[in-house]
Every structure is written in structure tokens, then in C-alpha cells.
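Work through the two exercises below with the sequence and the model at hand. Each task is followed by a solution in steps.

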Amino acid sequence: MIRFLCSVRFALVLLASALGLVIAATWIEAVTGSHEAASKWVYRSPWFLAVLVGAFINILGSALKRWPFQKRHIPFLTAHLGLLMVISGQFVKLAFGVQGELLLAEGAGSHTLLLDHHYRLAIEDQQGRVDLISMKKGRGESTLFPIELVEKEAPPLEVDEAKWISLAQRVERELPISMGGSWLTYLKGWGGVQGGLFPIERPLSDDLVAALNQSRWELLPEPLQATALWSARMIADREEAQTGPLLCISIASQVEQMGERLPLDLDLSSATAETKALLLSALLYARGFHPQSWAEEPGVNPSEGLRFFECNGERVALSHHGKATLLGGAYSMRLQWNEQEIPHHLRLHDLRTVCYPGSSSPYGYEGRFSIDGERIELAMNRVYESQKGYRFYLAQVTPVEEQRAQRAVLIVNRDPAKRGLTYPGAGLVALGSFLFYRQRFKRR
Amino acid sequence: MRIWLLLFISIAFKVAAASLDSTPLLYEGRFRPAASIPSLWEEAFAETEPLESRWRCLPSRRFGEWLPLCALLKSEENPTLYPEPLFHQLRECYLALREEPSSAPLRKELDKLLWEGYRPLARTPYLYAYGKQRLYPSRFQLELELLLERLPLTLSLAISYLLGWILGPLLFIAPFALHTLWLVARIAVTERPPVSNMAETLLYVPWVVAGLSLLLSRYRRVVICGGLAAGGLLLLFWLSHLGEGMENLPPVLDSNRWLGAHVLLVSGSYGALLLASILGHSYLIKPSLRTPKRILQTLYIGTGMLIGGTLLGAVWAAESWGRFWDWDPKESWAFISICSYLLIIHARQFRLLSDLWLALSAALAFFAITFTWYGVNYLLKTGLHSYGFGQGGGGLYLAAMAADALLLTFLALHRKKRVAQ
């Protein structure tokens, strides 16, 4: 067994499996459009880690096998020692290094990094108390929150599906009637109609009926309830004459302006599910949503950080900076990047994009910063490294127009292993390859 | 020796420059950015105006931009960087030429005025950013640029490479020398390594192939294969309509030190590995005893360059983006290519690969390189190397790969049968 682990056959198996796995990963990334998915299935998966560990053992073993070393082993030892140093350098960086982004607007200062791939949840209750939860192994518990949150596997999403989810989130922010996550079903059920109200000639699905029955209309202010009622009545009156969506929006928004003066002659909380469905569609018109425009809604890339959580059987999808309500509106939940403080304070004074003459293609991005009071200038490919080993790289400048305050994204990192392990290792690999060639083709 | 070479180059250059009918300023400079003041030039596009009116010959007061000749018509105020008296001289000359379009002396005078007037402007900066600046091209650079555009270099080089192997390796040296001069001239004009976009790599890689096959030219077959590969790539460039590849550089690439070190090595390795692949094909067509050794030698050179170049790229990424390696698709495919070549080298080293399999795998492994080179930028289009993305040719690429795979299968089966017999 040990002989096999140190053999070249095992090395070939490892190389071939690494090759296959990485091809699969780039394919996954191209299909889903998400680097995250590729990382999850390959680069950070146990099998890829197993290949790396296997390579480590194989290289180490095959080197030790050659003991006592002779002169002819020098190229082999140099190249493979270099490789081991590079791999261990990566592990050291992962364990002890820092990698994150620093966002700054002109004039602002900060010493807080946002960490890539690390996020936390901010839960807020109705008294305004906030609790920050870091999810560990896909689970998190809060002191405020009686129920455990579970992060769910992201379902295989089409771009189209993600579009619906983001639309449902927008509607949910606009109209805080708790629908238990059923906005998606509702919007899809309504979608594709030429105009008019929610079509109730088709039977409603059981989920939707349950959600509509649970929805809490009393959370809405009374004028808005009256708006829903009266605009639904007015649109229904015109139903014969093929009401287009724009006319519906105009009716509903005019009704909304009179909302305070309209009588609320029906208790909406106790209305039937069908009535509620009709009223909701009228309310959506009042807020400018209409089903025809959804088809033209730009697709949302599912890779843009949509995450799925389950809480007491309720499914929530959250994007970054997105917000959702939980347990009948008793709590709200937001997704935030994890933060880390660095021992430097950075302030952005001025930022600009220099363009090539006569065009809008950039020649350079540059900014004046101060770090702990000392002035520095950063530009792309002009990186600043502090004495504590933190490197600051100006990665992005938005927006390009000079009229608005500009924002910079700085990539900040600290890699304690690079001078000791990674770079010398890379140098040794290159030297070793050269020596191999010399050894192999010395005699021509 | 070096003095003779310089003397030869300068004479060749002078002869070539003398063949131009005017100085590069009285000429449609394609890489001079147009001025963004339309009121000064929109008249040029009237059908009645002569073509020359649209040529961008006058350095504008907005630094770095160029005005067309017809800007001289609007005389209220001097829009150029030329001094006032010269501007009026130019204007009179141009107006006279408009009256008498066929007058050679007038045209010559206009040309001379432009050329002499430009002298103080050459090599002065027009654009500043932290740590770097752009200069107005020197008159030498302008002449070179015009020469590069006038001479039908791509096609003539492609043909001479393709024919070079028929006429023998000695005649192979001439196109290689011309190719070298061409690349040097490009570097002199663009002031950067000739590898910043797809078009430029398609000019640089054949040079590596040709150079390497000259280095190994003791073996005739290498030269033949090198000529085929280099000529083929240049022909591909000529057919591909990729443009000159002399466009502006995005800021992320604007670092000659790193761009040179990383991309020159990586795309250089593509050249060596292409040579290995063609040698592999040739072995399958007609086996010879010495071919496998040459295949292995080019594989070693190519893999060494690829590993070195990829590591340098990783160090560049670590120095700027802060991470050494992050499985960006370009990185992943570089890794895949390296793995495939290491597989071959290790298997060969431990005698697990016969000559036939060595040739076949050297030919097949180049598929990974083509995907790294072309596929990631044109088919996958994800990841951080986004400045290189483009489109087109996907179907042709896949068809060519499929055809080559079929051909290789057929050749290998045929060879195997022969060996069995």
C-alpha cells in the first residue's frame, strides 16, 4: 500500500483525477454562471482536497524513497520541494492570512474589511433589537429568535427562476402583508395576463389559498386597504372593455391618492381567498407592478449570492442587501458580509478615472488615500504595502462620471507565507524544470 | 557584428521609408484618436470634400487627440498645437491645395510643413496618470507605424514559412529574421510586449515556433513542422479579421514588467507545445526513430515555459489582487494543460508510454492549450481575464478540433495495424 502511495502510477492517477475534476469545475462554472457553485462542487469539495493531500503524500513519499540522495536527484528534488512549498504556502495563507474588500466613498474613512465568501445574518425583532448570527456548518441560532435557521441547498436555478424570486422579494418589501413566502406562487399564477385583475376562473392552488388565508391585512394601513378595495371594484367595472395594464395602473394610483377619504366597508381579513387574490392584484397595480412587464424584467444571475434558508418550515430566499420577513412578519432578516477590522485606518480623498484621449476606455484608475495619516497614491498595478504586511490594491472605481462622489473597492490582503514559502517555492519549481531539461537533453 | 546588423537595419529602414510617397503625417493615421469637437470636422464627411480632408493630421489643442485637415477651414482660432504662424501657413497651403487638388508641389509643401511642425511635439507627454504617462510618438515611430501598415507582412511571411521547408532550412532564416524585425518594430511603435490581445499572440506564437524550430534545426523534420505551424498560424491571423491588435491597453494590463514576464512565457509555451503537437502528427503519418526524442524535447521546453509563466502570473495576481491562485477559469485551464503535459512526461519518464502513444498524446494534449488560449476567452467567457473576451469562430473551432481528433484516431489505428503486421 505504502509502495503504491509513493509510486508514479499513483502520481498519474492523481494527475488524471485532478485534470478531470477541474474540467468538470470549469464546465459547472460556465453552465451555472457561478464560481461559487464550482467551488462548492469541486475546488472546496472533499474529493478535491483528497487529491491535493494525495499529491502531497505522493510527492513526499517519492522523494523520501530516493534516500540517500545523489547528484542526479537534484532536479527532481528541487522541482518537487518547490511544489510542496507552494501547496503549503496556500494552506498557511488560508489559515493565517487576510483577504477582503474595503469599500470607500470619496471623503470617507474605514478600517473594516468585508470578507469574501463569509456572511452573517442580521435578525431584527419588532422592538428593534438586532442580533447578528454567523452560520456555522449551515446552522445558526439566535438569542432573540426561538427557532433554528438552517441554510438549504440552493435548488438548481434557471436565470428565469431567480428573476421571479427577486421580483417576489421586491413585492414583499413593498407590501408587508405576510404571505409566508407564497408571493412567488401568486406572481407566477398571475403572470402572463394581458391586463385586468388576478384571474380567478382558474382554481387557486392549495398553497396559495392557505397563504392568502394566513395573510395579515391588518398590518396594512387603512387607506391602503381602501385603495385595494376600491380600485379592484373600479377595474372590475371596466373588465368588459379589455382593461390594459397601463389603464389599471392609472386607475389604481388615482384611487390611492383618494385612499384616505374612501370608506372601508368590508373587513378584508375575513374575506375569501379569491377576493384577497383580486384585491392584491389591484394593490400591486397601485404600486406600479404589472404582470406584462415581468416578462421583460432583466434576468438575475442566480450566482449573485442568492441564499436559501429554512425556518420552521418557511422557505426564505435572500440576496445580499436583501431583506425578508419571517414568522408572520414578527422578525426581519438581512444578509450581510462578515467583517474584520485591520490595524490601519484608510481614508479616501480623491478618486479619478483617466481615459484615453477621445474615448471612454480607461487609461488608469487612481486615487489619493491616507493611511494612518500618511498620504499615499494608489493606482491599478501600483499597490501599497504597509509595514505590517497589508497590501492595498485599487480594484474598482464607480461610477465613472466625475459629477457624483465616487466609490473605490480596494482589495486588501495579508499573506504571511508568500515571502517564506510561496514565492521561493515557485522559484524552485521553475529552477527544477530547467534542471530537468538540462539533465535530460545534456547530450545531444 | 552588432554594428553591421544595426547599419543593415537602418539602411533597410531608410530604403523602405523612402518608398513612401509622403511623410506619415499626411496620411490617414488609424491609431490617432479623433478629436471630440465635431464642429471642427463634421464637414469632412460631406461627399464633395476630397478624401484627404478626413485624414487626422493635426495634433489638437486637446492633448492626445488629432484633428482632420478640414479643421483648417474654420480659421477663427487655432485649434492645433502648432504655433500661430505655422498654422496660418498650413491653412493657406491647404486652401490653395483645395483649389488645385492635383498640384504636387503644394502637396509636398503641406507635407513638409506638417512634418517639420511636429518635430518639437514628438516625445512630449499628453496624458498623465500616477506612475505613468503617454507621449506623442516620435517621428521614427510614426514612420514605422506607416511602414507596418503598408507592407503586406502577414501574408508574405505566412507564404514564405509554408514554402521555407520545401526550399530548405537556410531559406527559413530569412522569413524568421523579417518576422523578428516586424515584432521589434511593433514593440517600438506600441511600447509594450507584443502579447496584450488575441491578435498579437497570433503574431508572436508563430515567431516562437519558427525560432524554436531553427534552434532544433539539425533535425530536418522539426523545421518542416515549424514552418507549417508558423505559416498556418499567420494564415489564421490573416483570415480571422482580428485587426491589427494595436488598440489601447486596459489599465489592468498596463504593466510592462509583468505583462512581459507572464504572457511572453505562457504564450511562448503555446508555440513550443504546438510544435510538439505537429511533430506528433508527423510521427503518426510517417514514423521515424529520432522524432520521439524531439517531441519530448519540445514538450519539456513547452511545459517548463508554461509552468514558469503560469507561476509568474500567479505571483502577479498575488502582488496585485492579493491571491496567488483562485481557480479562475483561465487559471483552471492553465492547470489542466499543465496536468496533461505532466501526465505525459511522467508516464514517459517511467517508460509507461510507447513512442506511438507519446506522439498521439502530444498531439491530443494541445487541445487543452487551444482551449486555454481560445476557448476560455471566446467560449466560456467567465472569470477575471475578462479584458480578453471576444466572440466568433466557436463553431469552426469545435469543428476543427473534432476533425483533428478523428484524423488522429484514424492515424493511430492505422499505425497500430502496421506495427502489428
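A pocket here is an open set of grid points with protein on both sides within 12 Å along at least five of seven lines, and its lining residues have an atom within 4 Å of a point. The model is predicted.

**Exercise 1.** Describe the lining of the second largest pocket: which residues lie nearest its centre, and which helix gives the most?

Solution.
1. The volume of the second largest pocket is about 1300 Å³.
2. Its lining consists of 39 residues, and those nearest the centre are B:Gly232, B:Leu233, B:Leu236, B:Ala400 and B:Met401.
3. In chain B, at least two lining residues each come from helix H7 (198–215), helix H8 (220–240), helix H9 (256–285), helix H12 (355–380) and helix H13 (394–420).
4. With eleven residues, H8(B) gives the most to this lining.
5. By residue class, the lining has 27 nonpolar, nine polar and three charged residues.

**Exercise 2.** Locate the nonpolar surface patch of about 480 Å² and say which residues make it. Is A:Ile57 buried, partly exposed or exposed?

Solution.
1. The patch is formed by A:Leu49, A:Val53, A:Ile57, A:Phe91 and A:Leu94.
2. Two helices of chain A, H4 (46–65) and H5 (74–96), each supply at least two of the patch residues.
3. H4(A) has the largest share, three residues.
4. A:Ile57 is located in helix H4 of chain A.
5. The relative accessible area of A:Ile57 is 40%, so this residue is partly exposed; the class lies between buried, under 20%, and exposed, over 50%.

Technical notes: Residues are numbered from 1 along each chain as its sequence is written. Chains are lettered from A and ligands numbered from 1 in the order in which they are written. This is a predicted model: local features need pLDDT of at least 70, side-chain atom pairs count only at pLDDT 80 or more; totals for chains, interfaces and linings use all residues. Side-chain values use heavy atoms; hydrogens and water are left out. Patches are made of residues with over 30% relative accessible area and no salt bridge: like charges are joined within 9 Å, nonpolar side chains (Val, Leu, Ile, Met, Phe, Trp, Tyr) within 5 Å. Accessible areas come from the Shrake-Rupley method with a 1.4 Å probe; for residues, only the protein chains shown count as cover. A salt bridge is a side-chain nitrogen of Lys or Arg within 4 Å of a carboxyl oxygen of Asp or Glu. Helices (H or I, at least four residues) and strands (E, at least two) are DSSP runs, numbered from the N terminus. Buried means under 20% relative accessible area, exposed over 50%, partly exposed in between (1.4 Å probe, protein chains only). On a 1 Å grid over the protein atoms alone, a cavity is a set of points where a 1.4 Å probe fits but cannot get out, and a pocket is an open set with protein on both sides within 12 Å along at least five of seven lines; lining residues have an atom within 4 Å of a point. Grid points are joined across faces, edges and corners, and a volume is the space filled by probe spheres set on the points. Ala, Val, Leu, Ile, Met, Phe, Trp, Tyr, Cys and Pro count as nonpolar, Asp, Glu, Lys and Arg as charged, and the others, Gly among them, as polar.
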